[in-house]
Amino acid sequence: QAKADGRNLFRFFDPQMQKLLGERLALESDLKQALAGRQFEIYLQPQLASDRRVTGAEVLLRWHHPERGLVYPGYFITAAEHTGAIHDIGVWVFEQACLLLTKWAGGAITRALTLAVNVSARQFRQADFVDRVRRLLQQTGANPKLIKLELTESLALDSVDETVAKMLALRELGLAIALDDFGTGQSSLAYLKRLPLNELKIDQSFVRDITTDQNDAVLVQTIIGMAQNLNLEVVAEGVETEQQLDFLVKHGCPAYQGFFFSEPVPVTEFERKFAA
Ligand code: C2E
Ligand code: MG
Ligand code: MG
Ligand code: MG
């Protein structure tokens with residue numbers, strides 16, 4: 001009887017699903033080789049002040065897959081979180097950012113540009129996360145004042161006290177903390193108020209229709225006002241047009257990033273174009 005049921009189940013397991021599962025397993029297994037195989041590269045997307053001066057960049061990970069070519073994080077970060085590979089990958093990204101800052105401080109560029117590094121919830125939750133950050137700062141000699149960590153609201157699933165304690169420890173080290181994709185999560189303002197943040201990043205989904213959708217326009221203005229009142233910096237993500245930028249500047253948004261100014265680019269290209 002059980003065998004018969006098993007066969008039936010197997011028959012219902014549709015080939016499309018099987019294909020997806022197979023792809024996912026292949027992806028997870030490829031990810032294990034990726035770091036050792038030096039297949040990752042960091043790209044930089046400039047962040048600007050409202051006067052269009054470049055103040056720094058967000059570090060965005062790219063994967064040069066041996067067969068698939070250039071792969072974006074939307075495709076592999078979830079898998080990396082699932083297998084735990086994200087821990088080593090995250091350390092690698094942070095280290096690359098530190099090394100770059102050290103190189104820049106050594107005279108490669110004359111301005112002090114900041115780097116914003118994404119940290120996934122699973123990475124942040126790891127017990128020794130703060131220790132690893134501290135060690136990498138010591139090893140590389142990077143100036144922590146030039147580093148921002150971008151965290152997401154999904155941290156709200158965790159204990160607030162623990163989250164706050166970790167954030168404070170990171171700030172103690174000199175790092176700034178930004179809340180990424182702000183407005184897309186489930187967390188309440190009461191919760192957010194307790195977090196020792198430096199910056200809110202307005203999610204690109206709100207910026208997209210800012211000039212055509214009255215609701216989005218009001219929402220973005222509200223977030224800008226709220227950030228000002230809470231003494232937080234605010235950065236608008238996903239600015240693609242001059243009209244969007246005009247709206248943001250007009251409503252007091254002090255910083256932005258987006259395709260309007262530049263896509264994420266390889267480090268050498270960033271240095272050549274924006275850091276001279
Ligand atoms: P995010 O941190 O919200 O990064 C912004 C994403 O929006 C980036 O996608 C960027 O290329 C894209 N973007 C920037 N400007 C525009 C624009 O004007 N229009 C549109 N449509 N998109 C724009 P990307 O590089 O594919 O990264 C996707 C997400 O993957 C990131 O979202 C972040 O959550 C995650 N991620 C990227 N690098 C890392 C990393 O090193 N570690 C971790 N844990 N996550 C990362
Ligand atoms: Mg980000
Ligand atoms: Mg974002
Ligand atoms: Mg995002």
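Apart from its neighbours within four places in sequence, glutamine 123 is in contact (heavy atoms within 4.5 Å) with Ile86, His87, Gly90, Asn118 and Phe129. This is a predicted model, in which local features need pLDDT of at least 70 and side-chain atom pairs count only at pLDDT 80 or more, while totals for chains, interfaces and linings use all residues. Residues are numbered from 1 along each chain as its sequence is written, ligands are numbered from 1 in the order in which they are written, and side-chain values use heavy atoms, with hydrogens and water left out.

With a relative accessibility of 6%, glutamine 123 counts as buried (under 20% relative accessible area; exposed is over 50% and partly exposed in between, with a 1.4 Å probe and protein chains only). The side chain of glutamine 123 reaches the backbone nitrogen of serine 120 at 2.9 Å.

Phe129, one of the contacts of glutamine 123, also takes part in the contact between two helices, where Phe129, Val130 and Val133 of helix 6 meet Lys166, Ala169 and Leu170 of helix 7. By class, this contact has five nonpolar, no polar and one charged residues.

Attention now turns to the metal site. The magnesium ion (ligand 3) is coordinated by Asp180 (OD), Asp181 (OD), Glu237 (OE) and Glu237 (OE), at 2.1 to 2.4 Å; donors are N, O and S atoms within 2.8 Å of the metal (3.2 Å for Na, K and Ca), and sites may look incomplete because water is not among the atoms. Aspartate 180 bridges this ion and the magnesium ion (ligand 2), the two lying 4.1 Å apart. Aspartate 180 is buried, at 6% relative accessible area, whereas aspartate 181 is partly exposed, at 26%.

Definitions and conventions
Helix = DSSP H or I, 4+ residues; strand = E, 2+ residues; numbered from the N terminus. Nonpolar A, V, L, I, M, F, W, Y, C, P; charged D, E, K, R; others polar. Polar contact = N/O pair within 3.5 Å; in protein donor to acceptor, adjacent residues only side chain to side chain.
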